[in-house]
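I opened the model to look up its overall fold and then one residue. My entries follow.

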Amino acid sequence: MLEDIDVSAPTDFDFIIGDWKVQHRRLKDLLNDCDEWVEFEGSSSTRRTMGGFGNLEDVHLKFPESSFRAVALRSYNAESNLWSIWWLDGRFPDVLDVPVVGRFTEGVGVFFADDVLNGVNIKVRFKWISLDPSKPRWEQAFSKDNGETWETNWTMEFSQSQ
């Protein structure tokens, strides 16, 4: 893989480059006041692309009932200083999710999108927390009231693969 990194490339996602074990925690039912969580393991491997202005994360999710692969594609727009993140789920290989768009401030990246879940318009929020780069955390939350309240429905705790 090419490793020619442009010196002007952003460093926001440098903390996630490499191979990781992932501990997932996901709500069993979304946007229905559910408090039952499902926990499972996974792994991810992230590499820089586009000279450092993007990265590609290969994800292996090991749900209790099945296992599948997915890809997160991230790209940085130097003019707007914003990152876009797309998700491609291996179970639906011809559907690329709406990108969440945002930026990092002091080690926390917050990204938003408008989407539809089961026929309901929602807002999506991804939060990347890299305050301790050896243990990054990702959170996903949905809002069905235009961002007034948020339900965090998925978290991922990363630890370095051995």
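I read the protein chain along its sequence and found the pattern β-β-β-β-β-β-β-β-β-β. The secondary structure comes to zero helices and 10 strands, where helices (H or I, at least four residues) and strands (E, at least two) are DSSP runs numbered from the N terminus.

I noted that this is a predicted model, in which local features need pLDDT of at least 70 and side-chain atom pairs count only at pLDDT 80 or more, while totals for chains, interfaces and linings use all residues. Residues are numbered from 1 along each chain as its sequence is written, and side-chain values use heavy atoms, with hydrogens and water left out.

I checked burial (under 20% relative accessible area, 1.4 Å probe, protein chains only). Buried residues make up 37% of the 162 residues.

I then turned to Ser143, which lies in strand β9 (residues 137-143). Ser143 counts as buried because its relative accessibility is 1%.

I listed the contacts of Ser143 (heavy atoms within 4.5 Å). Leaving aside neighbours within four places in sequence, Ser143 is in contact with Asn121, Ile122, Lys123, Glu148, Thr149 and Trp150.

I looked at what the Ser143 side chain reaches. The backbone nitrogen of Gly147 is at 2.8 Å from this side chain, and the backbone oxygen of Thr149 lies 2.8 Å from a polar atom of the Ser143 side chain.

Technical notes
Buried means under 20% relative accessible area, exposed over 50%, partly exposed in between (1.4 Å probe, protein chains only). A polar contact is a pair of N or O atoms within 3.5 Å; within protein, one must be able to donate a hydrogen and the other to accept it, and residues adjacent in sequence count only if both atoms are side-chain atoms.
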